Amino acid sequence: MAMRQIQVADNTLVIHELEDVCDSATGRALTGSWVWASSLVLSNWMANQGPTHFNFQDKTVLELGAGAGLPGLTAAQLGASRVILTDVSPLLPGLLKNVEANGLGERVEVRELVWGSDESPSQIGEFDLVLMSDVFYNAEEIVCLAKTLKRVCDRETTVLAATEVRPSTAECLSELIKEGFELNELPSQLGFAHSEGMESLDRFAVFHVIPPPEDSQMEATCTYK
Ligand SMILES: C[S@@+](CC[C@H](N)C(=O)[O-])C[C@H]1O[C@@H](n2cnc3c(N)ncnc32)[C@H](O)[C@@H]1O
(Lines give C-alpha, C1' and ligand atoms only; values in the text may rest on other atoms or scores of the structure.)
Protein backbone atom coordinates (compact mmCIF):
# COMPACT_ATOMS: atom_id res chain seq x y z
CA MET A 1 0.00 0.00 0.00
CA ALA A 2 1.46 3.36 -1.05
CA MET A 3 0.93 6.46 1.09
CA ARG A 4 0.63 9.89 -0.52
CA GLN A 5 0.34 13.33 1.02
CA ILE A 6 -1.90 15.39 -1.22
CA GLN A 7 -2.09 19.15 -0.91
CA VAL A 8 -5.57 20.60 -1.49
CA ALA A 9 -5.51 24.39 -1.09
CA ASP A 10 -4.35 24.97 2.53
CA ASN A 11 -4.87 21.39 3.66
CA THR A 12 -2.81 18.24 3.30
CA LEU A 13 -4.63 14.92 3.10
CA VAL A 14 -3.04 11.54 3.68
CA ILE A 15 -4.23 9.01 1.11
CA HIS A 16 -3.29 5.33 0.99
CA GLU A 17 -3.55 3.71 -2.41
CA LEU A 18 -4.19 -0.03 -2.56
CA GLU A 19 -1.98 -2.19 -4.72
CA ASP A 20 -3.45 -5.65 -4.73
CA VAL A 21 -7.24 -5.28 -4.77
CA CYS A 22 -8.67 -7.14 -7.75
CA ASP A 23 -12.12 -7.77 -9.12
CA SER A 24 -12.82 -11.41 -8.25
CA ALA A 25 -14.61 -11.95 -11.59
CA THR A 26 -12.00 -10.48 -13.96
CA GLY A 27 -8.83 -10.62 -11.86
CA ARG A 28 -8.16 -7.03 -12.89
CA ALA A 29 -7.10 -4.36 -10.39
CA LEU A 30 -10.10 -2.34 -9.18
CA THR A 31 -9.88 1.16 -10.62
CA GLY A 32 -10.81 2.80 -7.33
CA SER A 33 -7.65 1.47 -5.69
CA TRP A 34 -5.77 4.65 -6.50
CA VAL A 35 -6.32 8.40 -6.83
CA TRP A 36 -7.48 9.52 -10.30
CA ALA A 37 -6.61 12.97 -11.57
CA SER A 38 -10.31 13.93 -11.68
CA SER A 39 -10.45 13.60 -7.90
CA LEU A 40 -7.59 16.11 -7.60
CA VAL A 41 -9.48 18.39 -9.98
CA LEU A 42 -12.73 18.12 -8.02
CA SER A 43 -11.06 18.54 -4.62
CA ASN A 44 -9.13 21.60 -5.72
CA TRP A 45 -12.19 23.03 -7.44
CA MET A 46 -14.19 22.61 -4.19
CA ALA A 47 -11.47 24.20 -2.06
CA ASN A 48 -10.77 27.11 -4.41
CA GLN A 49 -14.00 27.90 -6.26
CA GLY A 50 -16.50 25.75 -4.37
CA PRO A 51 -17.27 28.18 -1.53
CA THR A 52 -18.63 30.78 -4.00
CA HIS A 53 -21.13 28.16 -5.26
CA PHE A 54 -21.76 26.07 -2.16
CA ASN A 55 -21.37 26.56 1.60
CA PHE A 56 -19.91 23.30 2.93
CA GLN A 57 -20.46 24.24 6.58
CA ASP A 58 -22.69 21.70 8.38
CA LYS A 59 -23.81 20.06 5.12
CA THR A 60 -24.37 16.35 4.46
CA VAL A 61 -22.32 14.89 1.62
CA LEU A 62 -22.38 11.60 -0.29
CA GLU A 63 -19.55 10.50 -2.58
CA LEU A 64 -20.38 7.87 -5.20
CA GLY A 65 -17.61 5.66 -6.63
CA ALA A 66 -15.29 7.26 -4.09
CA GLY A 67 -12.22 5.07 -4.77
CA ALA A 68 -9.67 6.47 -2.31
CA GLY A 69 -12.14 9.16 -1.15
CA LEU A 70 -10.21 12.38 -1.75
CA PRO A 71 -13.19 14.66 -2.70
CA GLY A 72 -15.37 13.47 0.20
CA LEU A 73 -12.52 13.89 2.68
CA THR A 74 -11.93 17.37 1.27
CA ALA A 75 -15.62 18.21 1.84
CA ALA A 76 -15.21 17.15 5.48
CA GLN A 77 -12.15 19.38 5.81
CA LEU A 78 -14.17 22.26 4.30
CA GLY A 79 -16.74 21.93 7.10
CA ALA A 80 -19.30 19.29 6.09
CA SER A 81 -20.89 17.76 9.19
CA ARG A 82 -21.54 14.28 7.77
CA VAL A 83 -19.87 12.64 4.78
CA ILE A 84 -20.53 9.14 3.46
CA LEU A 85 -17.91 7.67 1.14
CA THR A 86 -19.32 4.83 -0.95
CA ASP A 87 -17.97 2.27 -3.39
CA VAL A 88 -17.92 -1.47 -4.01
CA SER A 89 -17.07 -3.61 -0.97
CA PRO A 90 -13.41 -4.57 -1.72
CA LEU A 91 -12.50 -0.87 -1.63
CA LEU A 92 -14.10 -0.12 1.74
CA PRO A 93 -11.10 -1.10 3.96
CA GLY A 94 -8.89 1.33 2.01
CA LEU A 95 -11.49 4.09 2.36
CA LEU A 96 -11.71 3.45 6.10
CA LYS A 97 -7.94 3.66 6.39
CA ASN A 98 -7.99 7.04 4.64
CA VAL A 99 -10.73 8.35 6.94
CA GLU A 100 -8.66 7.30 9.97
CA ALA A 101 -5.38 8.62 8.53
CA ASN A 102 -6.94 12.09 8.36
CA GLY A 103 -8.59 11.95 11.80
CA LEU A 104 -12.05 12.42 10.28
CA GLY A 105 -13.77 9.36 11.77
CA GLU A 106 -16.34 11.40 13.71
CA ARG A 107 -17.82 12.97 10.59
CA VAL A 108 -16.98 10.55 7.77
CA GLU A 109 -18.53 7.10 7.29
CA VAL A 110 -17.78 4.44 4.71
CA ARG A 111 -20.48 2.27 3.12
CA GLU A 112 -20.96 -0.11 0.25
CA LEU A 113 -23.15 1.36 -2.47
CA VAL A 114 -23.38 -0.41 -5.81
CA TRP A 115 -25.07 1.88 -8.35
CA GLY A 116 -28.60 0.83 -9.20
CA SER A 117 -28.90 -1.63 -6.32
CA ASP A 118 -32.29 -1.56 -4.66
CA GLU A 119 -31.48 -1.77 -1.00
CA SER A 120 -28.62 0.53 -0.07
CA PRO A 121 -29.46 3.99 -1.47
CA SER A 122 -32.86 4.33 0.21
CA GLN A 123 -31.33 3.36 3.56
CA ILE A 124 -28.70 6.04 3.19
CA GLY A 125 -31.14 8.97 2.76
CA GLU A 126 -30.88 12.26 0.89
CA PHE A 127 -27.98 14.70 0.88
CA ASP A 128 -27.12 18.38 0.48
CA LEU A 129 -24.22 17.54 -1.82
CA VAL A 130 -23.33 14.53 -3.98
CA LEU A 131 -19.79 14.20 -5.34
CA MET A 132 -18.49 12.06 -8.20
CA SER A 133 -15.06 12.01 -9.79
CA ASP A 134 -14.09 9.97 -12.82
CA VAL A 135 -17.26 7.92 -13.00
CA PHE A 136 -18.23 8.85 -16.59
CA TYR A 137 -16.25 6.26 -18.51
CA ASN A 138 -18.63 3.36 -19.17
CA ALA A 139 -21.92 4.38 -20.80
CA GLU A 140 -23.46 1.00 -19.91
CA GLU A 141 -23.25 1.86 -16.20
CA ILE A 142 -24.88 5.28 -16.45
CA VAL A 143 -28.50 4.04 -16.16
CA CYS A 144 -27.55 2.39 -12.85
CA LEU A 145 -25.74 5.50 -11.67
CA ALA A 146 -28.76 7.63 -12.68
CA LYS A 147 -31.07 5.37 -10.66
CA THR A 148 -28.93 5.85 -7.55
CA LEU A 149 -28.63 9.61 -8.12
CA LYS A 150 -32.42 9.95 -8.36
CA ARG A 151 -32.79 8.14 -5.04
CA VAL A 152 -30.27 10.17 -3.06
CA CYS A 153 -31.14 13.63 -4.44
CA ASP A 154 -34.05 15.86 -3.62
CA ARG A 155 -34.89 19.28 -5.06
CA GLU A 156 -32.24 20.97 -2.89
CA THR A 157 -29.33 18.60 -3.57
CA THR A 158 -26.26 19.94 -5.37
CA VAL A 159 -24.44 17.35 -7.51
CA LEU A 160 -20.85 18.00 -8.61
CA ALA A 161 -18.95 15.72 -10.97
CA ALA A 162 -15.40 16.02 -12.29
CA THR A 163 -14.36 14.03 -15.28
CA GLU A 164 -11.44 13.51 -17.59
CA VAL A 165 -12.69 14.14 -21.12
CA ARG A 166 -12.17 10.87 -23.00
CA PRO A 167 -13.81 9.45 -26.14
CA SER A 168 -16.43 7.67 -23.96
CA THR A 169 -17.31 10.76 -21.92
CA ALA A 170 -19.78 12.31 -24.39
CA GLU A 171 -21.70 9.03 -24.57
CA CYS A 172 -21.90 8.86 -20.76
CA LEU A 173 -23.11 12.44 -20.54
CA SER A 174 -25.77 11.89 -23.18
CA GLU A 175 -27.00 8.81 -21.26
CA LEU A 176 -27.41 11.00 -18.17
CA ILE A 177 -29.30 13.60 -20.23
CA LYS A 178 -31.58 10.83 -21.57
CA GLU A 179 -32.33 10.02 -17.92
CA GLY A 180 -33.58 13.59 -17.47
CA PHE A 181 -30.48 15.19 -15.90
CA GLU A 182 -29.26 18.64 -16.87
CA LEU A 183 -25.51 19.27 -17.03
CA ASN A 184 -23.86 22.66 -16.65
CA GLU A 185 -20.11 22.86 -17.04
CA LEU A 186 -18.67 25.06 -14.31
CA PRO A 187 -15.96 27.67 -14.89
CA SER A 188 -12.70 25.83 -15.08
CA GLN A 189 -10.03 28.07 -13.58
CA LEU A 190 -8.99 25.13 -11.50
CA GLY A 191 -6.53 27.19 -9.53
CA PHE A 192 -3.86 24.64 -8.74
CA ALA A 193 -0.55 23.63 -10.19
CA HIS A 194 -0.43 20.83 -12.73
CA SER A 195 0.75 17.70 -11.05
CA GLU A 196 2.40 14.57 -12.27
CA GLY A 197 0.21 12.62 -14.69
CA MET A 198 -1.90 15.65 -15.64
CA GLU A 199 -0.51 16.90 -18.93
CA SER A 200 -3.26 19.44 -19.44
CA LEU A 201 -6.13 20.69 -17.31
CA ASP A 202 -8.02 21.24 -20.60
CA ARG A 203 -8.70 17.50 -20.53
CA PHE A 204 -10.83 17.84 -17.39
CA ALA A 205 -14.24 19.32 -16.70
CA VAL A 206 -16.35 19.96 -13.60
CA PHE A 207 -20.13 19.73 -14.00
CA HIS A 208 -23.08 20.83 -11.94
CA VAL A 209 -25.47 17.93 -12.51
CA ILE A 210 -29.14 18.84 -12.00
CA PRO A 211 -31.45 15.88 -11.32
CA PRO A 212 -34.87 15.80 -13.00
CA PRO A 213 -37.76 17.17 -10.89
CA GLU A 214 -38.95 14.44 -8.51
CA ASP A 215 -42.49 14.37 -9.93
CA SER A 216 -41.14 13.66 -13.43
CA GLN A 217 -38.74 10.91 -12.36
CA MET A 218 -39.35 7.49 -13.79
CA GLU A 219 -37.56 4.59 -12.12
CA ALA A 220 -34.75 3.57 -14.44
CA THR A 221 -34.50 -0.11 -15.31
CA CYS A 222 -30.96 -0.98 -14.44
CA THR A 223 -29.68 -4.13 -16.06
CA TYR A 224 -25.90 -3.58 -15.98
CA LYS A 225 -24.06 -6.24 -13.99
C1 LIG B 1 -12.01 5.55 -12.25
S2 LIG B 1 -12.43 5.14 -10.62
C3 LIG B 1 -12.50 6.72 -9.82
C4 LIG B 1 -12.25 6.62 -8.34
C5 LIG B 1 -12.26 7.95 -7.60
N6 LIG B 1 -13.57 8.57 -7.66
C7 LIG B 1 -11.22 8.89 -8.15
O8 LIG B 1 -11.55 9.81 -8.92
O9 LIG B 1 -10.03 8.71 -7.80
C10 LIG B 1 -14.18 4.72 -10.74
C11 LIG B 1 -14.80 4.37 -9.40
O12 LIG B 1 -16.18 4.07 -9.59
C13 LIG B 1 -16.49 2.88 -8.87
N14 LIG B 1 -17.58 2.18 -9.54
C15 LIG B 1 -17.63 1.77 -10.83
N16 LIG B 1 -18.79 1.12 -11.08
C17 LIG B 1 -19.47 1.13 -9.90
C18 LIG B 1 -20.74 0.62 -9.51
N19 LIG B 1 -21.52 -0.01 -10.38
N20 LIG B 1 -21.15 0.81 -8.24
C21 LIG B 1 -20.35 1.48 -7.35
N22 LIG B 1 -19.13 1.99 -7.66
C23 LIG B 1 -18.71 1.80 -8.93
C24 LIG B 1 -15.20 2.07 -8.95
O25 LIG B 1 -15.14 1.04 -7.96
C26 LIG B 1 -14.17 3.14 -8.77
O27 LIG B 1 -13.89 3.41 -7.43
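Start with the sheet. Seven strands form an open sheet in the order S5-S4-S3-S6-S7-S9-S8, with mixed pairing. Strands here are DSSP E runs of at least two residues, helices are H or I runs of at least four, and both are numbered from the N terminus. Two strands pair if DSSP finds at least two bridges between them. The edges are strand S5 (108-112) and strand S8 (182-185), and each pairs on one side only. On average, neighbouring strands of this sheet are turned by 25° against each other, direction ignored.

A word on the source. This is a predicted model: local features need pLDDT of at least 70, side-chain atom pairs count only at pLDDT 80 or more, and totals for chains, interfaces and linings use all residues. Residues are numbered from 1 along each chain as its sequence is written.

Back to the strands. In general, strands of a sheet pair through backbone hydrogen bonds, either parallel or antiparallel. S6 and strand S7 (residues 158-164) run parallel, joined by 5 bridges. Take Val130: its bridge partner in S7 is Val159.

Now the helices. The protein has 7 helices and 9 strands. Helix H1 (residues 37-48) lies across S6, S7 and strand S9 (204-210), at about 135° to S7. Helix H4 (residues 92-101) lies across strand S4 (82-87) and S5, at about 180° to S5. Those angles run from 0 to 180 degrees between N-to-C directions, with axes fitted to C-alpha atoms, for helices over the stretch in contact. Contact is defined by C-beta atoms, placed from the backbone, within 7 Å. Of the contacts between residues at least 6 apart in sequence, 72% join residues at least 24 apart.

Most residues other than glycine have a negative phi. Asp58 has a positive phi of about 65°. Asp134 has a positive phi too, near 50°. Where do they sit? Asp58 is in the loop between helix H2 (50-53) and strand S3 (60-64). Asp134 is in the loop between strand S6 (129-133) and helix H6 (142-152).

Buried or exposed? A residue is buried with 20 or more other C-beta atoms, placed from the backbone, within 10 Å of its own, exposed with 12 or fewer, and partly exposed in between. Asp58 counts as exposed, because it has 10 such neighbours. Asp134 is buried, because it has 22. Across the protein, buried residues make up 41% of the 225 residues.

Last, the ligand. Of the 21 residues around the ligand, Gly32, Trp36, Ser39, Gly65 and Gly67 come nearest. A residue counts as near if its C-beta atom, placed from the backbone, lies within 6 Å.

Conventions:
Two residues are in contact if their C-beta atoms, placed from the backbone, lie within 7 Å.
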